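These exercises ask you to read a structure step by step. Please look at the sequence and the model together before you try each task.

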Amino acid sequence: MSEAWRPRGWRRVVQGLRGLWLTTCLALVALPASAAEVDNVRLWAAPDHARLVFDLSTVAEAEVFMLNNPRRLVIDLEESGLNTDLARLDLSGSAITEVRSGIRNGTGLRVVLELSREIEPRHFTLPPNDQYGHRLVVDMEYPGESAVENPIDPIEAMIRDQEITAERARRDGTSGAAAAAAAAVSQAQPHPKRDIIIAIDAGHGGEDPGAIGPSGTREKDVVMEIARRLQRLVDDTQGFRAVMIRDGDYYIGLRQRTRIAREQKADFFVSIHADAFTSPRPNGSSVYALSQRGATSETAQWLAASENRADLIGGVDGNLSLSDKDEVLRGVLLDLTMTATLNDSLSIGGQVLDQLGRVNRLHKSRVEQAGFMVLKSPDIPSLLIETGFISNPGEERRLRDGGYQHELAQAVFGGLREHFRRNPPPASLLAWQRDNQRNTAGNEYRIQPGDTLSQIAARHGVPVAQLKQANELNGDVIRVGQVLRIPRS
Ligand SMILES: [Zn+2]
């Protein structure tokens, strides 16, 4: 990352100086730092952290440290002045109760934040982008509320689950299969009829506006609108529940977005975006799934690179650490899970694309694939939806329209509901409904938790012995999910 922050001509300068004396070289590189002005300060308040961004006229060295009694954070900027009114900063929803500033050592700027709670600070600088110039970013993470603080690595969690299951079986002195059978024959738990959990990720946020339309529409705002409409549709439908990955105007790291989805036990993850291109012409919706190999098209690759760049704007993100786990186990698990997950993603993507095609032109008529960071959950089917091109003036206008946002949300939900209706996850209400339909439809019965042979026999008016004979059952052991033939009595 430091590579990217070097001045552009660095390499050329170094090459050009190769023949010169070292002393000359040092004298040329060690130019005095020019004074920086703080032109503006922005605050983004998230549930688990606050982010303070200083807009600087040029790069400035910063020192950030905590002081106690009372608890406060000090930000010292060398050779800097203040060119904005800190009192205008809206502190609501953050841990900052007051901001003060002063001159330090004659030429430096000191900013002091009074804090209402314990924080863990970190800071970094960002180079200029399309929207902002040089920036100093100060993050204040709230211990105990951040997923970053206790990162759940998806693959490590899978390995841990397997270890726990194995350990339990060892302790009970039974094999896993025998334990499952024993659990099934006794009066098992009633069907949980749980909700299918849809994790909705509105792309970008906070310091990262995403793409910006010709008349100034910001991607982070329209995708939030669409995400909220989708949330309402999901929550209003029996058997489904929505979880919002970000619930306000703040940035969340791309890996943390997938971590939150996992923590919330999501069955599906959908990231909502609106794209921009260098020319105003391209338009239409597209649906993307992860690619384990290369991108399916150049556009897909270009898009993935531009969406993944969000972390450079939004801030630094944690990395998966898998170093001390067994390589082979990890590889096998990841491969198996990824393939199954990807198949589900492509299936859901097809349904969503189908529905989107009814409300908008499709930019690509099939589900595209590329290495989007936000889709890298090994065990949660995930899609990224580019609802349209915000860089196209007509589409920008439509994306701002509430009615159109609703149609897009309906299309996305219509597609995923269709998939889950056909393939309900185990223990979900939809699975229970499907099995019930099947049970009443034919002369077969799928065993539900809580069933016993005598109950099933009684319900179908068949003697137990006849039921056992028809299904070649020797004992009374039946298992959940087993399909019994119901003989005519
Ligand atoms: Zn985006």
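**Exercise 1.** In which loop is the place of His204?

*Solution.* His204 has its place in the loop between strand E10 (196-202) and helix H6 (219-235), where helices (H or I, at least four residues) and strands (E, at least two) are DSSP runs, numbered from the N terminus. Before going further, note that this is a predicted model, in which local features need pLDDT of at least 70 and side-chain atom pairs count only at pLDDT 80 or more, while totals for chains, interfaces and linings use all residues. Residues are numbered from 1 along each chain as its sequence is written, and side-chain values use heavy atoms, with hydrogens and water left out.

**Exercise 2.** Decide whether His204 and Glu79 are buried, partly exposed or exposed, and describe their phi angles.

*Solution.* Start with the cut-offs: buried means under 20% relative accessible area, exposed means over 50%, and partly exposed lies in between (1.4 Å probe, protein chains only). His204 counts as buried because its relative accessibility is 6%, whereas Glu79, with a relative accessible area of 35%, is partly exposed. Next, take the backbone: phi of His204 is near 60°, and phi of Glu79, which is found in the loop between E4 and strand E5 (80-82), is near 45°. Both values deserve a remark, because most residues other than glycine have a negative phi.

**Exercise 3.** Which peptide bond is cis, with omega near -10°?

*Solution.* The bond from Asn69 to Pro70 is the cis one, and Pro70 has its place in the loop between strand E3 (62-67) and strand E4 (72-77).

**Exercise 4.** Check how far helix H12 (residues 402-422) should span, and describe its start.

*Solution.* The expected span of a helix is 1.5 Å times one less than its number of residues. With 21 residues, H12 should therefore span 30 Å, and its end C-alpha atoms are 30 Å apart, which agrees. At the start of H12, a side-chain oxygen of Asp401 reaches to within 3.1 Å of the backbone nitrogen of Gly403. This is a polar contact, meaning a pair of N or O atoms within 3.5 Å; within protein, one must be able to donate a hydrogen and the other to accept it, and residues adjacent in sequence count only if both atoms are side-chain atoms. Several residues of H12 are buried, including Phe413 and Phe420.

**Exercise 5.** How many aromatic pairs does a search of the whole structure find, and how is Phe420 involved?

*Solution.* The search finds 4 aromatic pairs, where rings of Phe, Tyr and Trp (its six-membered ring) pair if their centres lie within 6.5 Å, with planes under 30 degrees apart counted as stacked, over 60 as edge-to-face and the rest as tilted. The rings of Phe240 and Phe420 have centres 6.4 Å apart and planes at 70°, so this pair is edge-to-face. It links distant parts of the chain, since Phe240 is in strand E11 (residues 240-244) and Phe420 is in helix H12, 180 residues apart. Phe268 and Phe420 have ring centres 6.3 Å apart and planes at 70°, so they too form an edge-to-face pair. Because Phe268 lies in strand E12 (residues 268-275) and Phe420 in helix H12, this pair ties together parts that are 152 residues apart in sequence. Phe240 and Phe420 are both buried, and Phe268 is buried as well. Finally, ring pairs link Phe240, Phe268, Phe413 and Phe420 into a cluster.
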